[in-house]
Amino acid sequence: MDERERLKILGKRVQHYRQLKNISVETLAEQVNCSASHLQKFESVSTISSISLSKLFRICDALDIPLSKLTEDL
């Protein structure tokens, strides 16, 4: 699995857990201190976008999930 595929999977997992918590992209972006457009690009499978590790930690905190939920099998 290459880096692009891993980023796509990671973004989709963020989207999945965000939707499970019924949190909008805008709300999550505000909680992790990034723009909603950047978060939308990260969650999108059609656009490859990376995200910093510190933001990923903040996303996990906001969604109340361990990092392992997002990175398992990557």
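**View 1. The buried residues of helix H1 pack against H2, H3, H4 and H5.** Helices are DSSP runs of H or I with at least four residues, numbered from the N terminus. Contact means heavy atoms within 4.5 Å. This is a predicted model, in which local features need pLDDT of at least 70, side-chain atom pairs count only at pLDDT 80 or more, and totals for chains, interfaces and linings use all residues. Residues are numbered from 1 along each chain as its sequence is written, and side-chain values use heavy atoms, without hydrogens and water. In H1, the buried residues are Leu7, Leu10, Gly11, Val14, Gln15, Tyr17 and Arg18. Buried means under 20% relative accessible area, exposed over 50%, and partly exposed in between, using a 1.4 Å probe and protein chains only. H1 has 18 residues and reaches 26 Å from its first C-alpha to its last. That is close to the 26 Å expected at 1.5 Å a residue, where the expected span is 1.5 Å times one less than the number of residues. Asparagine 22 follows H1, and its phi is positive, near 55°.

**View 2. Helix H1 (residues 3-20) crosses helix H3 (residues 36-43) at roughly 115°.** Their axes come within 7 Å. Axes are lines fitted to C-alpha atoms over the stretch in contact, and angles run from 0 to 180 degrees between N-to-C directions. From H1, Leu7, Leu10, Gly11, Lys12, Val14, Gln15 and Arg18 meet Leu39, Phe42 and Glu43 of H3. These residues divide into five nonpolar, two polar and three charged. Ala, Val, Leu, Ile, Met, Phe, Trp, Tyr, Cys and Pro count as nonpolar, Asp, Glu, Lys and Arg as charged, and the others, Gly among them, as polar.

**View 3. The largest nonpolar core holds 19 residues.** Such a core is a set of buried Ala, Val, Leu, Ile, Met, Phe, Trp, Tyr and Cys residues joined through side-chain atoms within 4.5 Å. Val14, Leu28, Leu39, Ile59, Leu63 and Leu70 have the most contacts inside it. H1, H2 (25-32), H3 and H4 (53-63) each supply at least two residues of this core. Beyond its neighbours within four places in sequence, leucine 28 touches Val14, Arg18, Ile23, Leu39, Ile59, Ala62 and Leu63.

**View 4. Aspartate 64 has a positive phi, near 60°.** Aspartate 64 sits in the loop between H4 and H5 (67-71). Aspartate 64 is exposed, at 61% relative accessible area.

**View 5. Aspartate 73 has a positive phi, near 65°.** Aspartate 73 lies in the segment after H5. Its relative accessibility is 67%, so aspartate 73 counts as exposed.
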